[in-house]
Amino acid sequence: MPGITREEVAHLGRLSRLELKDEELDHFAEQLDVIIGAVARVSEVAGEDVPPTSHALPLTNVMRPDEVRPSLTAAEALSGAPAQEQQRFKVPQILGED
Amino acid sequence: MTDLTRLTAAETADVVATGKASAVEVAQAHLDRIGAVDEKVHAFLHVDTEGALDAARAVDERRAKGEKLGPLAGVPLALKDIFTTKGIPTTVGSKILDGWIPPYDATVTKRLKDAGIVILGKTNMDEFAMGSSTENSAYGPTGNPWDLTRIPGGSGGGSSAALASYQAPLAIGTDTGGSIRQPAAVTGTVGVKPTYGGVSRYGMVAFSSSLDQGGPCARTVLDAALLHEAIAGHDPLDSTSIDAPVPAVVEAARNGNVKGMRIGVVKEFGGEGYQAGVMQRFNESVELLRELGAEIVEISCPSFKLALPAYYLIAPSEASSNLARFDAMRYGLRVGDDGTKSAEEVTALTREAGFGDEVKRRIILGTYALSSGYYDAYYGSAQKVRTLISRDFEAAFGTVDVLVSPTTPTTAFPIGERVDDPMAMYLADLCTIPSNLAGNAAMSVPCGLAPEDGLPVGLQIIAPAMADDRLYRVGAAVEAAFTGRWGHPLLEEAPAL
């Protein structure tokens, strides 16, 4: 099994929206290399004809009637918002200038 | 007057119901205890003095009117800071939710309130429940009441420490890989991970949704059962909640008996990495069960050796997805929004500032395990291991009624010893993880002190899914026999704070 490099950690940091610092990249690369080395043992069963289990319970979709029922007010829903305006979440710029 | 903080929950409820003390007096005694010792222990992140006294007053008023009270009415409780509480801060031990006041109650919170249980406050925990020592809390570590320089277990170390230091007779924890049972073991208290789906996850901040399970923590098996019954049962707000009657756990706890039961000892739990004193107390527990009339059978579960690696792929994978919701847009921390940065940049800066090291490690690990080139080798294989572990349990429970093992390989380790060595930290959950992967029920009950360090050891009991009552039947028998042998509950040997 391949280990994990500093560059890979930087890439994974970008994918997971973490603005990692340089010293963190070194630190995490070293630790994750050890962890991945240890957990890679699961691949011992990779070739085996075993169905995967994603969940301990047999899951079925749960539906409810589509009825109006009490819910949070707009003020309650916005109560934790870092910024708000006109009963809406106010967020930094999402699209580019042009 | 007896010290109200030394009573069990069942005794406390009786004292309140018979009017020997009011619920307000009980609550005040515990708030005073918190005031006296929690500066040293740091079990609580937030103490809700007013809310607790108001809830206690309401119980007293209902009693004065002659209303029938529930079996835990007026009993104080410490709630892990992972459950939302309307109007009361909920941090999950993370800076990213510092100052967040949820606008709604978790189902567990609501059921506690409905039962007349008095919530004293919110307890410390490893950030997002990721850890085995509570050292990963963004708000500082919690001390183990047996030795304040040692860890109280984790992630629910605040809840276990609150119980062991008599700050509350009841607590709630959550168990994704052992976060209820391991803290119980290292503090000499009782902790139960119910069958997956037994207790609602609505309003419980998600770490690894297919593994997370809330459950009761207490100083006695009966108290844990009473609390179990108060919080368990179907909840339409959680699609994975089991729609079936709650197993009769209180009745089982009142009728501890192992006569004629077949009890399996898991062969794979032991050997290298296990502390001698832990194995000694475990072996004595097995001998005790035999003396009490159980038939002891050695059971092999060969796939358990891959449980830890599988867990550290599955849990981080689910976490990396679950924690994507902390994007600095709708609630929680927002950092770097100076008008020049995009939403995406603000998200990345906020997550960098708001998450601690262990959370970042697991998000990166989960993202790695789910990436296209590695998915089959890592996440896919881990899911196959999960199937094999379930099969091992099925085969075992075809032969025996319950399985037993040490709850943890070692007693409480010193604060700081494993913080820089994630793999060493992960080993604390070696014996508890298989039950999360298979979704069955498990308990830790005190079984003595390790001779070499005088610290508590826990006996783990594992039962098939939906047979939670068996845990209480066996746990109560073990507790009664050991308490009789010791002449008092184990916790009375803990040093005064």
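Some housekeeping: residues are numbered from 1 along each chain as its sequence is written, and chains are lettered from A and ligands numbered from 1 in the order in which they are written. Since the model is predicted, local features need pLDDT of at least 70 and side-chain atom pairs count only at pLDDT 80 or more, while totals for chains, interfaces and linings use all residues.

On confidence, the complex gets an ipTM of 0.94 and a pTM of 0.97 from the predictor.

Now chain A. Going from the N terminus, its elements read α-α-α-β-β; these are DSSP runs, helices being H or I of at least four residues and strands E of at least two. Its radius of gyration, taken over C-alpha atoms, is 23 Å. For a compact globule of 98 residues you'd expect near 13 Å, by the rule of 2.2 Å times the number of residues to the power 0.38. The C-alpha trace spans about 55 × 45 × 30 Å along its principal axes.

So where do the chains meet? Chain A puts in 46 residues and chain B 56, counting residues as in contact if their C-beta atoms, placed from the backbone, lie within 7 Å. On chain B's side, the elements giving two or more residues include H10 (307-322) and H14 (422-426). H13(B) brings the largest share, 13 residues.

Conventions: Two residues are in contact if their C-beta atoms, placed from the backbone, lie within 7 Å.
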